[in-house]
Amino acid sequence: MSTTTRLVEVRQKVLKQNDIVARQLRTEFEKAEIYVISLVSSPGSGKTAFLERTLTLLRPHLNVAALVGDLATDNDAKRLARSQVPVKQIVTGTVCHLEAEMIRTALDGWMPENLDLLFIENVGNLVCPSSYDLGENLRLVLMSVTEGEDKPLKYPTIFNTADIAIITKTDLASAVEFDFAAAYRNINAVRPGMKILNVSSKTDEGLAPWLDALESRLAQRAAKIV
Amino acid sequence: MHELSIAMSLLSMIEEQVEARGDVRVKAVHLKLGPLSGVVKKALQSAYEMACDGTALQECELIIEDVPITALCPKCNQLRQIDSMQEICCPVCGTPTPEIVTGRELEVTGLEICS
């Protein structure tokens with residue numbers, strides 16, 4: 001008996017399962033009118049400090065909560081809890097990124113009531129998180145002035161999947177002779193037209209423009225829903 | 001390094017297809033990969049071999065087709081191929097091209113099936 005080989009067409013995304021869960025999450029968030037913001041950056045570029053200040057400043061006005069991913073320890077959740085908003089740690093073990101299913105599991109039975117904004121802090125990693133949709137509305141990529149201006153050129157995919165770039169630790173900019181023009185040029189080279197904000201979570205400089213940008217995104221979305 | 005978990009997703013997708021089609025052997029899987037997918041071709045190839053080893057799909061070859069980044073140039077109003085991820089702009093007129101058309105692919109396009 002002879003065997004024949006034939007090519008059958010199958011059109012399927014490899015991360016189909018993740019995309020399905022992400023889509024379900026997005027629909028659920030939309031129904032509950034929750035706006036979801038994720039944060040990606042390399043380890044140590046100030047995601048947690050930025051988030052802690054953001055949560056603290058938003059708390060009097062909106063119902064906010066945060067999920068925070070790390071390979072080990074719940075240190076970040078403890079830090080964020082100081083902002084007195086609901087925070088939950090996702091310990092990924094050895095997994096170097098968050099996946100949509102981890103978000104769903106973390107939210108199961110935990111979702112705070114009447115939530116307006118949910119922040120998701122990804123594992124510190126500028127490579128792997130770029131492939132996974134988490135059902136978020138807005139993705140922030142953070143880079144600190146101490147990391148150098150060429151970060152976007154070294155990690156173009158993560159910058160290319162993000163909506164806003166936040167340059168952090170600007171209070172240290174002059175000490176490390178950070179070249180803002182070069183950083184802006186590099187971000188624009190990999191993601192033309194991306195909004196860029198400069199922030200110091202230590203001095204609070206730049207936090208007001210960030211909150212304004214967030215507010216205008218929320219207004220845009222509200223207009224779309226109505 | 002998330003290529004191993006990508007390879008595992010790929011394997012379970014092929015297994016699903018085999019199950020749906022009954023008694024078939026998959027000789028090869030064709031995959032389209034764009035540079036903006038965040039997945040490295042070589043790393044995916046070796047992760048795939050590792051993931052297949054000792055399974056029913058051990059002989060199933062992974063054939064990767066590279067998809068270039070293309071974007072719509074707003075000035076020329078033409079689809080242009082972008083050769084560098086570090087310079088997302090029109091190669092002809094230099095205008096930035098935020099509207100990416102291809103280059104994010106990570107998808108199976110076909111299976112070579114023996115029956």
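## Helix α1 of chain A and its cover

Cover here is a matter of contact, where the C-beta atoms of two residues, placed from the backbone, lie within 7 Å. Helices (H or I, at least four residues) and strands (E, at least two) are DSSP runs, numbered from the N terminus.

Which residues of α1(A) are buried? They are Asn18(A), Val21(A), Ala22(A) and Leu25(A). Because they cover an arc of only 100° around the axis, they sit on the same side of α1(A); the arc is that of the directions from the helix axis to the C-beta atoms. On the other side of α1(A), Thr27(A) and Lys31(A) are exposed. A residue is buried if 20 or more other C-beta atoms lie within 10 Å of its own, exposed if 12 or fewer, and partly exposed in between, with C-beta atoms placed from the backbone.

The 16 residues of α1(A) reach 22 Å from the first C-alpha to the last, close to the 22 Å expected at 1.5 Å a residue (the expected span is 1.5 Å times one less than the number of residues). After α1(A) comes Glu33(A), with a positive phi near 55°.

## Where the two chains meet

Chain A brings 31 residues to the contact and chain B brings 30. On the side of chain A that touches chain B, β1 (5-13), α1 (16-31), α6 (156-161) and α7 (180-190) each supply at least two residues. The largest share, nine residues, comes from β1(A).

β1(A) also pairs with strand β6 (residues 106-114) of chain B, in the antiparallel sense over seven bridges; two strands pair if DSSP finds at least two bridges between them. Lys13(A) has Glu107(B) as its bridge partner in β6(B).

## A three-stranded sheet in chain B

Chain B has an open sheet of three strands in the order β4-β3-β5, with antiparallel pairing. Why is one side of β4 and of β5 left without a neighbour in the sheet? β4 (78-82) and β5 (100-102) of chain B stand at the edges, so each has a single partner strand.

Strand β3 (residues 69-73) of chain B pairs with β4(B) over five bridges in the antiparallel sense. There, Cys73(B) stands opposite Gln78(B) in β4(B).

## Reading the names

Residues are numbered from 1 along each chain as its sequence is written, while chains are lettered from A and ligands numbered from 1 in the order in which they are written. In this predicted model, local features need pLDDT of at least 70 and side-chain atom pairs count only at pLDDT 80 or more, while totals for chains, interfaces and linings use all residues.
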